[in-house]
Amino acid sequence: MRKLALALVVLASGAAAQDRPVVATVSYPLAYFAERLGGDAIEVMFNVPEGQDPAFWRPGLVQISEIQSADLIALNGAGFAEWVTKVSLPRSRLVDTSDGFSDGYIQTESITHSHGADGEHSHTGTASYTWLDFGQAAEQAASLAEAMERRLPGLGRIEDRLSDLISDLKSLDREAAEIGEALSGRAILATHPRYQYFARAYGLEIEALDWEAGAMPSEAQWNDLAALAKATDASLLIWEAAPPGQAVTRAEEIGLTSVVFPPLAHSAAEGNFLSIMSTTLEDLSRSDSGR
């Protein structure tokens, strides 16, 4: 009898898990927002493999079918996740979380290159890392919450969870604004063109290189960096991903302080969106105090 009762509990819990509505997302920030908003009442689907760039990843037929079957599909907008324009997705279950500020998208220059498992791609048309303006991130969270309340009525009201999430994002926004004031007029270099919205929101001048994330730069790239640092009088270098230790030393020899700023299109091995962004902002703040 005890074994039967235990089996019934397991079956019931499994059925309950299957009954949870599914929210599919195209980026880690949206997955994080959905988890904060829905908690255990929803299943969040973010199925981009580790090591793949969600902006350029192309899902297979099975993954597309899973996404099409989700109760809500959260898009980033601004051209992020190019595959969504090439497949049929149910319009009634789509939410473009950045549609409310689409008139403020930043247009970018065309840079075609290839790195990692993502193959050749180009940074062209529209800057898509919208959430690095934390005010815009709060708007995206609010848009997602509204869609969840509309499409997933069984969740009940999520106003309190949305309020807590927006409070956290606004806190990041205020901290970033203070850093922007402290770094105002200081030339900043970045290893990849990810930070357009961050720069615009917080009044920074960030000139981007086009380096492989986490890799040791070539000698030619070091020479280009040295020339650019001299031309701009830059003293701060933002890395998209943690570089080899000798790369940090080499940058210091050029006169550049290194700060790792993960844009978090994909999840990190440790921490979450809020904790990682908080740590990054602290590192940026220390880079200014150490001048």
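Student: Where do the numbers come from?

Tutor: This is a predicted model, where local features need pLDDT of at least 70, side-chain atom pairs count only at pLDDT 80 or more, and totals for chains, interfaces and linings use all residues. Residues are numbered from 1 along each chain as its sequence is written, and side-chain values use heavy atoms, with hydrogens and water left out.

Student: What does the secondary structure come to?

Tutor: Nine helices and ten strands. These are DSSP runs numbered from the N terminus: helices are H or I with at least four residues, strands are E with at least two.

Student: And what share of the contacts comes from residues 24 or more positions apart?

Tutor: They account for 61% of the contacts with a separation of 6 or more. Contact means heavy atoms within 4.5 Å.

Student: OK, α7. Which of its residues are buried?

Tutor: W222, L225, L228 and A229 are buried in α7. They cover an arc of only 130 degrees around the axis, which puts them on the same side of α7. That arc is taken from the directions from the helix axis to the C-beta atoms.

Student: Which ones are exposed on the other side?

Tutor: D224, K230 and A231.

Student: What covers the buried residues?

Tutor: The cover includes β7 (187–190), β8 (205–208), β9 (236–239) and α8.

Student: Tell me about α8. At what angle does it cross α7?

Tutor: Roughly 35 degrees, and the axes of α7 (residues 219–232) and α8 (residues 245–254) come within 10 Å. Axes are lines fitted to C-alpha atoms, for helices over the stretch in contact, and angles run from 0 to 180 degrees between N-to-C directions.

Student: Which residues make the contact?

Tutor: From α7, E219, W222, L225, A226 and A229. From α8, A247, R250, A251 and I254. They divide into seven nonpolar, no polar and two charged. Here Ala, Val, Leu, Ile, Met, Phe, Trp, Tyr, Cys and Pro count as nonpolar, Asp, Glu, Lys and Arg as charged, and the others, Gly among them, as polar.

Student: What comes after α7?

Tutor: D233, with a positive phi near 60 degrees. A234 lies in the loop between α7 and β9.

Student: Is A234 buried or exposed?

Tutor: A234 counts as buried, at 10% relative accessibility. Leaving aside neighbours within four places in sequence, A234 is in contact with A187, L189, A229, G255 and L256.

Student: New topic. Where is A78, and what is its phi?

Tutor: A78 lies in the loop between β3 (72–75) and β4 (94–96). Its phi is positive, about 60 degrees, although A78 is not a glycine. Most residues other than glycine have a negative phi. A78 counts as buried, at 6% relative accessibility.

Student: And what about L264?

Tutor: L264 has a positive phi near 65 degrees. L264 lies in the loop between β10 (257–260) and α9 (273–289), and counts as buried at 4% relative accessibility.

Student: Last one. How many residues of α2 are buried?

Tutor: Nine of the eleven residues of α2 (residues 28–38), so α2 is largely enclosed by the rest of the structure. Among them are Y28, Y32 and F33. G39 follows α2, and its phi is positive, near 60 degrees.

Methods: Buried means under 20% relative accessible area, exposed over 50%, partly exposed in between (1.4 Å probe, protein chains only).
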